[in-house]
Amino acid sequence: MQVLLLLAAVGLCGAQYNSNTQAGRTSIVHLFEWRWADIALECERYLAPNGFGGVQVSPPNENIIVTNPFRPWWERYQPISYKLCTRSGNEDEFRDMVTRCNNVGVYIYVDAVVNHMCGAAGGSGTHSTCGSYFDAGNENFPAVPYSGWDFNDGRCYTSNGEIQNYGDMYQVRDCRLSGLLDLAQEKDYVRTKIAEYMNYLIDIGVAGFRIDAAKHMWPGDIKAFLDKLNTLNTRWFPSGTKPFIYQEVIDLGGEPITGSQYFENGRVTEFKYGAKLGTVIRKWDGEKMAYLKNWGEGWGFVPSDRALVFVDNHDNQRGHGAGGASILTFWDARLYKMAVGFMLAHPYGFTRVMSSYRWTRNFVNGQDANDWIGPPSNSDGSTKSVTINADTTCGNDWVCEHRWRQIRNMVIFRNVVDGEPFSNWWDNDSNQVAFGRGNKGFIVFNNDDWYMNVNLQTGLPAGTYCDVISGQKEGNACTGKQVYVSGDGTANFQISNTDEDPFVAIHVDAKL
């Protein structure tokens, strides 16, 4: 009996680290700034059939409407209330999206902005996405309600109330981030209001949360409001299932606040992952892909079962957040596909794919002056729908990296090899590398400046396989390259350094 109780306790303790995705679905996609109606459609027509486990959605709660600059993406990170109306849609559309996505086994993960309200300079009035009145100058948000009692002004001791020194953990957690009014999560009233909002979303059917700006809250305060959360809706989830929690903690080292301080609450976003992988794939600072043999904890990352990993996110693809110029994005499509392919093939961490939109870049002194531009919009500021072209790519300036054949097929690859060990590593001491996942999959990269022709042990059963990067298996034929695995598990790989995609991936479900 004691053993059973202990196992039950261990199960509960680990619950917030579990993605809650359906069995055999191992990645989520961030459909950044998409409308709820478009996400619902995408779950049904594309994400479910291609094995995606879920969608991280933009913050669904009421935010300030910013007109200078005109409707930037970051207005979504300036809450006015916890009502569900934004430029992505209203509450009815949000509920419809959650229901339709859940019904096809693609779950919804909400970006929860609960560290702060809007900026102190936000003025007063009803210029918000639901039309709720607020007065930022007097810290009055009656639609929650929050008042001046509910903010951290008395705990911050910097001269202007702002974070001035990231080497001081008290400033980082008690002072204002970029002028945003910092909520006092140590107060039970504030914790209760946050939990009420998150529970409202849980009851609608969401599967988990990204906790925005977790680094700027005390881990114990986060735990206190997480402890108030309901278990997930039993219409779609087993009874007693806890929400998946992953916390935005930018920890590149050298600061007193670390990702490990937040492990008790859930996973953390491992920002070192994209920063280091970008440096390696770009071959900067003398880095080589051969050095990736001990990728993961061997590179100083958090433990795999505590990591949410990504090549880029909505912040750092704009030069914000973490990683700087090394971050690979859709603008560097050839290298980006290799990086995402590596991430999805490698067993470390829980993976999130980015799905972006284009904007007109304008570099001034190395910084993009247009990094604020919001989603593709109509003249009135409303978000354009995501249109789908005949070749399955997206229109209206939506990039839709998750629909790129190479990335979609690697999402499927990860599902096929789930649970298989990292195996059969090979490298040429430079930038040609290969590795397998047990006897289920194998991937080979040529990031050198010369032709690759090598025989490698794949660990796979004998047969003819379709490369899922240059094409895929359709019927009993390959639309791209074929790879022949002999009886002893070896295969010949030839990859030109001038190939559009200088990597090859095979798995058992792509065997003829």
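Buried area is the accessible area, found with a 1.4 Å probe, that two parts lose on being put together, summed over both. In this predicted model, local features need pLDDT of at least 70 and side-chain atom pairs count only at pLDDT 80 or more, while totals for chains, interfaces and linings use all residues. Residues are numbered from 1 along each chain as its sequence is written, and side-chain values use heavy atoms, with hydrogens and water left out.

An automatic or database domain assignment divides the protein chain into domain 1 (1-118 + 181-417) and domain 2 (422-510). Taken over C-alpha atoms, the centres of the two domains are 30 Å apart. Contact (heavy atoms within 4.5 Å) involves 27 residues from domain 1 and 34 residues from domain 2. About 2600 Å² is buried between the domains, and carbon and sulfur atoms give 61% of that area. On the side of domain 1, M289, R334 and V416 lose the most area to domain 2, together 22% of what that side buries.

What holds opposite charges together in such a picture? Side chains of opposite charge can pair when their charged atoms come close. A salt bridge is counted when a side-chain nitrogen of Lys or Arg lies within 4 Å of a carboxyl oxygen of Asp or Glu. The structure holds 31 salt bridges, and 3 salt bridges are found across the interface of domain 1 and domain 2. K337 and E500 form a salt bridge, with their closest N and O atoms 3.6 Å apart. This pair links distant parts of the chain, 163 residues apart: K337 sits in helix α8 (residues 333-345), and E500 in the loop between β23 (490-495) and β24 (503-507). Helices (H or I, at least four residues) and strands (E, at least two) are DSSP runs, numbered from the N terminus.

R100 and D96 pair at 2.9 Å, N to O; both lie in helix α3 (residues 91-103), 4 residues apart, about one turn of the helix. R100 is partly exposed at 23% relative accessibility, and D96 is partly exposed at 35%. D212 and R210 form a salt bridge with their closest N and O atoms 3.0 Å apart, and both residues are buried.

Conventions:
Buried < 20%, exposed > 50% of the residue type's maximum accessible area, 1.4 Å probe, protein only.
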